[in-house]
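Me: Hi! Could you walk me through this model, one topic at a time?

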There are 6 protein chains.
Amino acid sequence: MEDWITSLQTDTPQKGFELAIVLAQKGVMYTQPSAEVRAELRKVYSNNPNSLIMASHVVANYFQTVAAANNYWK
Amino acid sequence: MEDWITSLQTDTPQKGFELAIVLAQKGVMYTQPSAEVRAELRKVYSNNPNSLIMASHVVANYFQTVAAANNYWK
Amino acid sequence: MEDWITSLQTDTPQKGFELAIVLAQKGVMYTQPSAEVRAELRKVYSNNPNSLIMASHVVANYFQTVAAANNYWK
Amino acid sequence: MEDWITSLQTDTPQKGFELAIVLAQKGVMYTQPSAEVRAELRKVYSNNPNSLIMASHVVANYFQTVAAANNYWK
Amino acid sequence: MEDWITSLQTDTPQKGFELAIVLAQKGVMYTQPSAEVRAELRKVYSNNPNSLIMASHVVANYFQTVAAANNYWK
Amino acid sequence: MEDWITSLQTDTPQKGFELAIVLAQKGVMYTQPSAEVRAELRKVYSNNPNSLIMASHVVANYFQTVAAANNYWK
């Protein structure tokens, strides 16, 4: 896997949130490397309420880590 | 995505809770950008007990982060 | 939404647990504002084992936050 | 609800684990007060693999809180 | 229940991981004391992808606690 | 089980993320030791949206631990 993350530091909470989204997506990528398969699955989960809530929960977990890493951008 | 969050600091636990709700919703928005689709899905999950519990769990996770960011409003 | 929480501080772990229950319920209220719908859904999830376990998990997550906010009532 | 918890402090990790089990059960009790209903539901979830795993996850979350409250019994 | 845990301290991360597995299993044992029932259920969940992922998530939660208890074996 | 982890320390967040993936996989391995069964199950969960999201959530939990262990690579 090429270098895709070198630091957890971000300037703002929004950039931190967007990094959490990338981390959540990478968790899927390492498990399902095929972009084609992921694109097909995305059509399913992005139109399923429970899947969307589950995906939001993964982002919340990563955001918790990124926020702590940035001392909550105080 | 336009700027929607610049700080995790809030004056009160209630404002912190409401920020956690926004963060949970943004997690869905970044995954499903269509407001129309989200409105349809909302009709489903807001009338499904397990979906509502799952959504409340995502808010709990973000609230944990926001509360720590505000030193629990001590 | 009227003021429903002004502090995370509670005198005892039990009061902290009961605050965690309120927080979990508010997570549902903000998502499904209709008390009537929530009453109907309550009949379903309060008689479903997995729903009850999931609800207990949300309370656990909030209790973790409230306990930390009260320095574990040491 | 009568007083059922006055402190998170326990002498040992095992006592802490058993307190986490009580906390997980109380989360269900506050949501489903009927002991009769809970007894019926227990027959279901205690014989369902996913329910048992979910219940173990709730205990893990409470144990995390109790362990931190006891400074990991160091 | 006989004494099965007296400390969260372990010499290595691997021993800590294996303690997390024991803790996750105990969470099931306290809820379903019958070894016979658990053996039957194990045949089901150890051959079900989602159950295995859920079980791995419980271990992750306990490992988080054990790792903090051991100051991450620094 | 042979030695597979001796430290939580990694040089970079990416190495830490990849360690989190190993930890998540080990959680499955200890529960289902058969590589053959796991390979069959992988075909199922790596093509199921909810399973992939659940797997990503387990990685997020381990990453939270590994990131804290490395003081967020500051």
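**Chain A and chain F**

Me: Let's begin with the contact between chain A and chain F. How many salt bridges are there between them?

Reply: The count between chain A and chain F is 0 salt bridges. Bear in mind that this is a predicted model.

Me: OK, and how many residue pairs are in polar contact there?

Reply: There are 11 residue pairs in polar contact between chain A and chain F, counting pairs with both residues at pLDDT 80 or more.

Me: Which helices of chain A supply the side that touches chain F?

Reply: Helix H1 (13-31), H2 and H3 of chain A each supply at least two residues of that side. H3(A) gives the most, with 11 residues.

Me: How much area do chain A and chain F bury between them?

Reply: About 2,600 Å², with 66% of it on carbon and sulfur atoms. In terms of residues, 32 of chain A are in contact with 26 of chain F.

Me: Can you zoom in on one residue of chain F? Where is the place of Ser51(F)?

Reply: Ser51(F) sits in helix H3 (residues 49-69) of chain F.

Me: Is Ser51(F) buried or exposed?

Reply: Ser51(F) has a relative accessible area of 2%. The cut-off for buried is under 20%, so Ser51(F) counts as buried.

Me: And what is Ser51(F) in contact with, leaving aside its neighbours within four places in sequence?

Reply: The partners are Asn50(E) and Ile53(E) from chain E, plus Tyr45(F) from its own chain. With Asn50(E) there is a polar contact, side chain to side chain, at 2.5 Å.

Me: What about superposing chain A on chain F?

Reply: For chain F, too, the rotation is 60° with 0.0 Å of shift along its axis, at an RMSD of 0.0 Å. Only 16% of the interface residues of chain A are also interface residues in chain F, so these copies meet through different surfaces.

Me: Which residue of chain A comes closest to the rotation axis?

Reply: That's Asn61(A), with its C-alpha at 6.9 Å from the axis.

Me: Switching to chain B, where is the place of Thr10(B)?

Reply: Thr10(B) lies in the segment before helix H1 (13-31) of chain B. Its relative accessibility is 15%, so Thr10(B) counts as buried.

Me: What does the side chain of Thr10(B) reach?

Reply: The side chain of Thr10(B) reaches the backbone oxygen of Thr12(B) at 3.1 Å. Leaving aside neighbours within four places in sequence, Thr10(B) is also in contact with Lys15(B), Gly16(B), Leu19(B), Asn70(B) and Trp73(B).

Me: Last one: what pLDDT does chain A average?

Reply: Chain A averages 96, and 100% of the residues score at least 70.

Notes. Residues are numbered from 1 along each chain as its sequence is written. Chains are lettered from A and ligands numbered from 1 in the order in which they are written. Side-chain values use heavy atoms; hydrogens and water are left out. Helices (H or I, at least four residues) and strands (E, at least two) are DSSP runs, numbered from the N terminus. Buried means under 20% relative accessible area, exposed over 50%, partly exposed in between (1.4 Å probe, protein chains only). A polar contact is a pair of N or O atoms within 3.5 Å; within protein, one must be able to donate a hydrogen and the other to accept it, and residues adjacent in sequence count only if both atoms are side-chain atoms. Contact means heavy atoms within 4.5 Å. pLDDT is the predictor's confidence in each residue, from 0 to 100. Buried area is the accessible area (1.4 Å probe) that two parts lose on being put together, summed over both. A salt bridge is a side-chain nitrogen of Lys or Arg within 4 Å of a carboxyl oxygen of Asp or Glu. Copies are superposed by least squares on the C-alpha atoms of residues with pLDDT of at least 70 in both.
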